[in-house]
Amino acid sequence: MARQNFGGFGGGANMQQLMRQAQKMQQAMTEAQEKLDAAEYEASAGGGVVSVKVSGKRELMSITIDPKVVDPDDVEMLQDLIMAAVNEALRKGEETREATMSRMAPGMGGMF
């Protein structure tokens, strides 16, 4: 009976080695994902009058607002500062996530 050649991977020993390498890569990616999820990212806006912290899971964890920036006649400015700070913190987290995953699996970074 003829042996099948699995796309150039050779016999069983080579296939087992390939499977071990794939398992190691999966484990490393899982560990990296856990570290990224546990990370925290901070950003501020308006010269630091609004500060936020987000988690690696893309959840808003805290907002700090300097009372002197709270102007009842200009709520829109405060809203803009909060939005800018949150978006910056999320951007930092996403850049870190993309860079980490791209290093682990070149060409696949956009998948995460």
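Tyr41 sits across from Val54 of strand E2 in this predicted model. Two strands count as paired if DSSP finds at least two bridges between them. E1 (residues 40–45) and E2 (residues 50–55) run antiparallel and are joined by six bridges.

A word on the ground rules: the model is predicted, so to speak of local features takes a pLDDT of at least 70, side-chain atom pairs count only at pLDDT 80 or more, and totals for chains, interfaces and linings use all residues. Residues are numbered from 1 along each chain as its sequence is written, and side-chain values use heavy atoms, with hydrogens and water left out.

On to the next strand. E2 is also joined to E3 (residues 60–65), by five bridges, and these two run antiparallel. Lys53 stands opposite Ser62 of E3, while Ser51 has Thr64 in E3 as its bridge partner. E2 and E3 form a hairpin too, with four residues between them, and here Arg58 is the turn residue with a positive phi of about 65°.

Then comes helix H2, which covers residues 75–104. Its 30 residues reach 44 Å from the first C-alpha to the last, close to the 44 Å expected at 1.5 Å a residue; the expected span is 1.5 Å times one less than the number of residues. Which residues of H2 are buried? They are Leu78, Leu81, Ala85, Val86, Ala89, Gly93, Arg97, Thr100 and Met101. Buried means under 20% relative accessible area, exposed means over 50%, and partly exposed is in between (1.4 Å probe, protein chains only). These buried residues of H2 pack against helix H1 (12–38), E1, E2 and E3, with contact taken as heavy atoms within 4.5 Å.

Ile65 belongs to strand E3 and is partly exposed, at 31% relative accessible area.

Finally, the charges. A salt bridge is a side-chain nitrogen of Lys or Arg within 4 Å of a carboxyl oxygen of Asp or Glu, and by this rule there are six salt bridges. One of them joins the side chains of Arg58 and Glu94, at 3.0 Å from N to O. That pair ties together distant parts of the chain, 36 residues apart: Arg58 is in the loop between E2 and E3, and Glu94 is in helix H2. Arg58 is partly exposed at 44% relative accessible area, and Glu94 is partly exposed at 27%. Asp66 pairs with Lys68 in a salt bridge, their closest N and O atoms being 3.7 Å apart. Lys68 is exposed at 70% relative accessibility, whereas Asp66 is partly exposed at 26%. Because they are three residues apart in helix H2, about one helical turn separates Glu88 and Arg91. Glu88, Arg91 and Glu95 are linked in a network of salt bridges.
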